[in-house]
Protein chains: 2
Amino acid sequence: MTSVENDRRHSRDDVARTALRLLDENGLPDLTMRNIANALEVRPSALYWHFRNKQSLLAAVSGLILAPMADVGTEGLAARASLELLGGRLRDCLLAYRDAAELVSSSLALGLVEPPIVGRPGGGAPADLWRAAATAVMHFVVGYAFHEQQRLAADSLGLLADADGADPGAAAGDRSPADEFSEALTMIAMGFDAAVAQRAVL
Amino acid sequence: MTSVENDRRHSRDDVARTALRLLDENGLPDLTMRNIANALEVRPSALYWHFRNKQSLLAAVSGLILAPMADVGTEGLAARASLELLGGRLRDCLLAYRDAAELVSSSLALGLVEPPIVGRPGGGAPADLWRAAATAVMHFVVGYAFHEQQRLAADSLGLLADADGADPGAAAGDRSPADEFSEALTMIAMGFDAAVAQRAVL
DNA sequence: ACCTGAACACCGTTCAAGT
DNA sequence: ACCTGAACACCGTTCAAGT
């Protein structure tokens with residue numbers, strides 16, 4: 001009954017969802033308060049009734065991007081398997097929308113969004129080790145996806161390393177990004193297992 | 001003989017070094033082309049003779065921040081020890097200037113600066129494993145330092161988790177950030193070792 | 001409760017022209 | 001080689017006022 005676009009008045013959630021759509025369509029640099037307001041057929045100042053400032057609006061968008069993480073079930077899994085599953089799903093969430101990794105990266109750094117993975121049950125592992133592993137996985141996945149997504153954007157613009165810029169990844173051989181990603185993710189998970197085993201001995 | 005500040009004409013390097021000083025003094029949000037130009041006693045448009053745009057100027061600043069990485073000697077070290085040493089030194093570089101982690105994070109994602117660590121000799125380990133480990137360490141360290149540095153900035157402004165924002169790190173117990181950092185770093189390094197050992201068996 | 005109108009104090013970038 | 005002057009096309013945010 002209630003269409004998101006046709007009503008003249010909006011909710012906080014409408015604003016965030018419209019912003020997410022604009023992010024995916026036009027990218028983060030074009031996600032301005034003025035463009036969001038235009039899409040909602042509203043003046044920019046109206047957005048400040050719903051959100052304190054742009055950063056908290058972006059934090060709400062980050063929350064939408066990370067929402068599917070709540071549906072990842074890890075019951076019955078060993079801690080290491082949870083780590084790999086959650087890391088993979090986090091990457092999926094970030095690659096699902098244009099520039100999502102960059103946006104989530106800054107919302108996480110600002111502490112404006114709940115960090116994924118680390119709040120999960122660690123399957124009985126020592127809390128500090130689980131915490132360290134979850135943090136390592138989160139930062140790795142976000143950073144990797146950020147880099148990955150920028151390469152996609154650059155490639156789609158047809159500009160490939162002109163002149164004095166560095167050219168990372170070109171000498172990576174024939175491995176796909178997904179392969180390198182999961183190899184690194186598995187390594188962190190193995191390190192977690194090794195740390196747990198070492199702790200058990202002491 | 002040649003002072004950086006007093007001469008009327010500047011080099012590309014002068015500009016980058018002045019920008020780094022301003023970054024450290026005032027933070028990334030205030031690092032505008034206009035402020036950089038003011039510090040050099042020059043009009044903003046003059047900066048565009050030295051740099052194609054703001055992003056490439058920021059990439060040069062990132063290069064200065066990461067420069068000490070070149071002096072880290074890893075000859076004679078095992079691959080795992082190199083990984084831990086390089087990760088620790090990378091953190092030192094990023095924490096040495098205000099907001100450096102955020103700046104380097106985006107320059108790395110944009111591929112405008114040479115990624116640290118990954119270009120180093122891997123001590124005879126399989127190239128793909130070394131590459132995955134170096135990438136994991138880099139993204140973890142940058143992401144962790146980014147988060148750490150934002151907390152420092154927030155704390156120095158006296159605003160501690162007001163209202164609906166998340167509050168990460170508060171339940172971490174009595175472990176310092178440096179402890180959690182090196183625990184996670186060690187875990188990645190152990191995972192690298194485990195992956196190498198497993199590869200050797202197959 | 002939700003939005004408009006109007007203003008404030010800024011941005012990055014281009015480019016002809018100067019020396 | 002290095003910079004100025006002037007302009008263009010934008011930003012985020014505030015706040016009194018409307019309905």
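Good morning. In this predicted model, local features need pLDDT of at least 70, side-chain atom pairs count only at pLDDT 80 or more, and totals for chains, interfaces and linings use all residues. Residues are numbered from 1 along each chain as its sequence is written, chains are lettered from A and ligands numbered from 1 in the order in which they are written, and side-chain values use heavy atoms, without hydrogens or water.

I begin with the aromatic rings. Rings of Phe, Tyr and Trp (its six-membered ring) form a pair if their centres lie within 6.5 Å; planes under 30 degrees apart count as stacked, over 60 as edge-to-face, and the rest as tilted. By this rule there are 8 aromatic pairs over all chains. One of them joins Phe140(A) to Tyr144(A), a tilted pair with 5.5 Å from centre to centre and 45 degrees between the planes.

Where do Phe140(A) and Tyr144(A) lie in chain A? Both belong to helix H7 (residues 127-156), 4 residues apart, which means that about one helical turn separates them. Helices here are DSSP runs of H or I with at least four residues, strands are runs of E with at least two, and both are numbered from the N terminus.

Phe140(A) is buried at 0%, and Tyr144(A) is buried at 7%.

Tyr144(A) also pairs with Phe181(A): the centres are 5.6 Å apart and the planes at 50 degrees, so this pair is tilted. Phe181(A) lies in helix H8 (residues 177-201) and Tyr144(A) in helix H7, so the pair ties together parts of chain A that are 37 residues apart in sequence. Phe181(A) is buried, at 4%.

I turn to charges over rings. A charge sits over a ring if NZ of Lys or CZ of Arg is within 6 Å of the ring centre and within 35 degrees of the ring normal. Arg91(A) lies over the face of Phe181(A), 4.9 Å from the ring centre. In chain B, the charged end of Arg91(B) sits over the ring of Phe181(B), 4.9 Å from its centre.

Finally, the backbone. Most residues other than glycine have a negative phi. Asp99(B), not a glycine, has a positive phi of about 60 degrees. Asp99(B) is in the loop between helix H5 (79-95) and helix H6 (100-109) of chain B, and is buried at 7%.

Conventions: Buried means under 20% relative accessible area, exposed over 50%, partly exposed in between (1.4 Å probe, protein chains only).
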